[in-house]
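I opened this entry to keep a record of what I looked up, starting with the pockets and then turning to the core and the aromatic pairs.

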Amino acid sequence: MRMDFKLKNLVLIGFSGTGKSTIGEITAKKLGVQFADTDKLIELSENMSISRIFAEFGEKYFRQLEKDVVRECSEKKDMVIATGGGVVLDPQNMANLKSNGFIILLKAKPEIICRNIYEDKNRPLLSDSENLMDRVNEMLKIRADYYKDNHYEIDVSDMTVEQAADEIIKSYNMMG
Ligand code: S3P
């Protein structure tokens, strides 16, 4: 299902546990283009897990690293980029990503999100919560307006990762 990119990158935003990384990688494979995952790039450059970066240097430090990686990715082309769930909080990140890409929001029901992240210890903003569902709902509410900053939204709650990837490609061909 190869296609010609009309814009330069296809960017996945969305809350933790919506499958941005898994679905993004499959989408890139289907399109025959490169895949970048901003969290993975940060972990590689720091040689440290996301949770350790938060624990040792704090969120502010992580957000600066994220901003730098987002800027570098935005300068490239023909890539599928999966971003961290908080990338939307910085308007400069969104301006950079949009200047060079089609932004797709992946959404999922809170119970699906919780199921996907339940046992993951590498999500510092969620892993300490006493009640994960409450925390997820609270953060989704706080971030609702930020996530509206997109070109297209896909609810992946009832999709397999393959179906979600096909839906992303279809939406890009239709709208991008
Ligand atoms: C974050 C989401 C994480 C990671 C970091 C902060 C957030 O990425 O970037 O822990 O603020 O929502 P995922 O969306 O891959 O979990």
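I began with the lining of the largest pocket in this predicted model, and I counted 41 lining residues, of which Ser16, Gly17, Lys20, Ser21 and Arg123 lie nearest the centre of the pocket. The elements that each give two or more residues to this lining are helices H1 (20-31), H2 (38-46), H3 (50-57), H4 (59-74), H6 (110-117) and H7 (132-147). I noted a volume of about 750 Å³ for this largest pocket, and I sorted its lining by class into 16 nonpolar, 14 polar and eleven charged residues.

I then went to the second largest pocket, which holds about 220 Å³ of space. Its lining is made up of 15 residues, and Leu105, Lys107, Leu140, Ala144 and Tyr147 are the ones that lie nearest its centre. Here the elements giving two or more residues to the lining are E4, H7 and strand E5 (152-155). By class I found eight nonpolar, two polar and five charged residues in this second lining.

Next I asked which residues have the most contacts inside the largest nonpolar core. That core has 48 residues, and the ones with the most contacts inside it are Leu10, Ile13, Ile104, Leu106, Val136 and Ile168. In soluble globular proteins, nonpolar side chains tend to be buried together.

Last, I searched the whole structure for aromatic pairs and found three. One of them joins Phe57 and Tyr61 in a tilted arrangement, with 4.7 Å from centre to centre and 40° between the planes. I record Phe57 as partly exposed because its relative accessibility is 42%, and Tyr61 is likewise partly exposed, at 33%. Another pair, Phe102 with Tyr172, is edge-to-face, at 5.2 Å centre to centre and 75° between the planes. This pair links distant parts of the chain, since Phe102 sits in strand E4 (residues 101-107) and Tyr172 in helix H8 (residues 161-175), 70 residues apart. Are Phe102 and Tyr172 buried or exposed? With buried meaning under 20% relative accessible area, Phe102 counts as buried because its value is 2%, and Tyr172 counts as buried because its value is 0%.

Key. Residues are numbered from 1 along each chain as its sequence is written. This is a predicted model: local features need pLDDT of at least 70, side-chain atom pairs count only at pLDDT 80 or more; totals for chains, interfaces and linings use all residues. Side-chain values use heavy atoms; hydrogens and water are left out. A nonpolar core is a set of buried Ala, Val, Leu, Ile, Met, Phe, Trp, Tyr and Cys residues joined through side-chain atoms within 4.5 Å. Buried means under 20% relative accessible area, exposed over 50%, partly exposed in between (1.4 Å probe, protein chains only). Rings of Phe, Tyr and Trp (its six-membered ring) pair if their centres lie within 6.5 Å; planes under 30 degrees apart count as stacked, over 60 as edge-to-face and the rest as tilted. Helices (H or I, at least four residues) and strands (E, at least two) are DSSP runs, numbered from the N terminus. On a 1 Å grid over the protein atoms alone, a cavity is a set of points where a 1.4 Å probe fits but cannot get out, and a pocket is an open set with protein on both sides within 12 Å along at least five of seven lines; lining residues have an atom within 4 Å of a point. Grid points are joined across faces, edges and corners, and a volume is the space filled by probe spheres set on the points. Ala, Val, Leu, Ile, Met, Phe, Trp, Tyr, Cys and Pro count as nonpolar, Asp, Glu, Lys and Arg as charged, and the others, Gly among them, as polar.
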